[in-house]
Amino acid sequence: MISQELNDSITRVGRGTDAGEVLRRYWQPAALSEELNVKRPVVPVRLLGEDLVLFRDEEGKLGLIQRNCPHRGADMCFGRLEDNGLRCPFHGWHFNRDGQCVEQPAEPEGSKMHEQIRARSYPVVERAGVVWAYMGPGEAPAFPAFDCFAAPDSHVFAFKGLWECNWLQAMEVGIDPAHASFLHRFLQDEDPEDSYGKQFRDKAVNTDIPMTRLLREFPRPEVRAEETDFGLKITALRDLGDGQVHVRITNQIFPEAICIPMSREMTITQWHVPIDDENCYWYSIFTSFDKPVDKELMREQRLKEHTLPDYAPVKNKRNNYGYNPEEQATETYTGMGLDINVHDQWAVESMGAIQDRTDEHLGKSDTAIIRYRRMLRAAIAAVKDGRDADLPMQSTDLDAIKGPISIDAIAADGDIDKAYVTEDKARRDHCSWTTALEAAE
Ligand code: FES
Ligand SMILES: [Fe+2]
């Protein structure tokens, strides 16, 4: 349980808020690159409670500027994409991709007023199929050398989805290894051969045990969380008996991402990005350590569950997430179908727009959540004191931050560290674009 004041501090994201100022010190996913693959690449973006417009100019470069025209506030999403910038249809004021006003055709000839007019704008870059924005002070930081950024374009695929709740509860489901044994429980095991692009449908590594069975039959993991340069390394241990331990390594990447194994072939690096206080997008980068990603299949699978242009899930609170009590009795723990994303969505949206943490009771299985909140509070305090360098990844050599290792392994002899490092090395040894992580341990 925490106070209302602390809950507000760690959840609210507007400019000048505690958590909002921490989030602004990191690159934020603003859109998928695919959203701009249209004839008129101009898309609305609402990010950290700010309304913006993203566009690609005639030089192919991106601009992200405030949505309301600095003149009298008309909506620039309806702007004319011309003359290498965006022109407001109301009085023709013209802005370049940096937000500088370069022309005011209704003002007297020779007027220099436009030189003083600048739309709020933020730097943007494209990486791994995602357009990233930096909304903080000073120079934008570099990107860490995480796998999802190191892999070639052929081996990454990005997608996103809308969740109607605060970003923090969305992120916290990703650092809670115990819930997979319940929320994502399947009462029957599917053929692992049909597992492409899906989570928890593969066999557990080096065994013939489907992950579904392993999660179902071993529901009490020991959860360990350790601070790292990038956030937290989370180890979930399931004792299978006969001296065997199932090890699952997942990660929290500060401030609002996770990196988890999806299958033997792929990992998911997922940001939970605030749209505003009460809505967020998950942005996932699927990274393959084996064959190039079958992007068409991955996209098709996910478009079946989402509607464009908002990437809003087909199953949602307005249709009870497709809840079927019959299915709940016989097939799944939730009765909400086989897509585990829907389960997570229900869990985090059903808490309410912003979870009331004045009335929660954290247990031992919530260890990583407790550690994460401690890190977030420390970061909030550091920003308030002007100690930005104390934030994770703000003063470290980002090229040295690799991985992070996200993998399932079996420790047959109780040597947990050896088991997952060996498994990760084997995966990287067979991979065309990465090499073993020297600094893994
Ligand atoms: S409101 Fe945009 S130019 Fe007047
Ligand atoms: Fe989940």
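Colleague: Let's start with burial: does A128 count as buried or exposed?

Modeller: The general idea is a neighbour count: with C-beta atoms placed from the backbone, a residue is buried if 20 or more other C-beta atoms lie within 10 Å of its own, exposed if 12 or fewer, and partly exposed in between. A128 has 25 C-beta neighbours inside 10 Å, so A128 counts as buried. Do keep in mind that this is a predicted model, in which local features need pLDDT of at least 70, side-chain atom pairs count only at pLDDT 80 or more, and totals for chains, interfaces and linings use all residues. Residues are numbered from 1 along each chain as its sequence is written, while chains are lettered from A and ligands numbered from 1 in the order in which they are written.

Colleague: Thanks! What is the phi of A128, and where in the chain is A128 placed?

Modeller: In general, most residues other than glycine have a negative phi, and most peptide bonds are trans. A128 has a positive phi of about 55°, although A128 is not a glycine. Its place is the loop between β9 (124-127) and β10 (130-133). Strands here are DSSP runs of E, at least two residues, and helices are runs of H or I, at least four, both numbered from the N terminus.

Colleague: What about Y311, and what is its phi?

Modeller: Phi of Y311 is near 55°, again a positive value in a residue other than glycine. Y311 lies in the loop between β19 (306-307) and β20 (312-313). With 19 C-beta neighbours inside 10 Å, Y311 counts as partly exposed.

Colleague: Which peptide bonds are cis?

Modeller: Omega is the angle to read. The bond from F254 to P255 is cis, with omega near 0°, and P255 is found in the loop between β15 (244-253) and β16 (257-261). A cis bond also joins G403 and P404, where omega is about -10°. P404 is in the loop between β21 (402-403) and β22 (407-411).

Colleague: Now the chain as a whole. How many helices and strands does the chain have?

Modeller: There are 10 helices and 22 strands. The radius of gyration, taken over C-alpha atoms, is compared with a globule rule of 2.2 Å times the number of residues to the power 0.38. Here the radius is 23 Å, close to the 22 Å that the rule gives for 441 residues, so the chain is as compact as a globular protein of that length. The C-alpha trace spans about 85 × 50 × 45 Å along its principal axes, and buried residues make up 43% of the 441 residues.

Colleague: Into which domains is the chain divided?

Modeller: Domain bounds come from an automatic or database domain assignment. Domain 1 covers 28-133 and domain 2 covers 145-440, and their centres, taken over C-alpha atoms, are separated by 34 Å. A contact means two C-beta atoms, placed from the backbone, within 7 Å. By that test, 11 residues of domain 1 are in contact with 14 residues of domain 2. On the domain 1 side, β1 (28-32) and β2 (42-47) are the elements that give two or more residues, and β1 gives the largest share, three residues.

Colleague: What does the UniProt record say about this part of the chain?

Modeller: An unreviewed UniProt entry annotates residues 27-133 as "domain: Rieske". Such annotations may be inferred rather than shown by experiment. Over residues 27-133 the chain is 0% helix and 39% strand, and the end C-alpha atoms are 6 Å apart.

Colleague: Last topic: the nonpolar core. Which residues touch the most other members of the largest one?

Modeller: A nonpolar core is a set of buried Ala, Val, Leu, Ile, Met, Phe, Trp, Tyr and Cys residues joined through C-beta atoms within 7 Å. The largest has 92 residues, of which A30, L54, L64, A133, V156 and A170 touch the most other members. Helix α9 (residues 367-384) gives this core its largest share, seven residues. Both domain 1 (28-133) and domain 2 (145-440) give residues to this core, so it lies between them. A second, separate core of 16 residues includes M211, V247, I249 and I407.

Colleague: And where is L64 placed?

Modeller: L64 is in strand β4 (residues 62-66). It counts as buried, with 27 C-beta neighbours inside 10 Å. Not counting residues up to four places away in sequence, L64 touches A30, V45, L52, L54, S121, Y122, V124 and A133. The C-alpha atoms of L64 and S121 are separated by 5.5 Å, although these residues are 57 residues apart along the chain.
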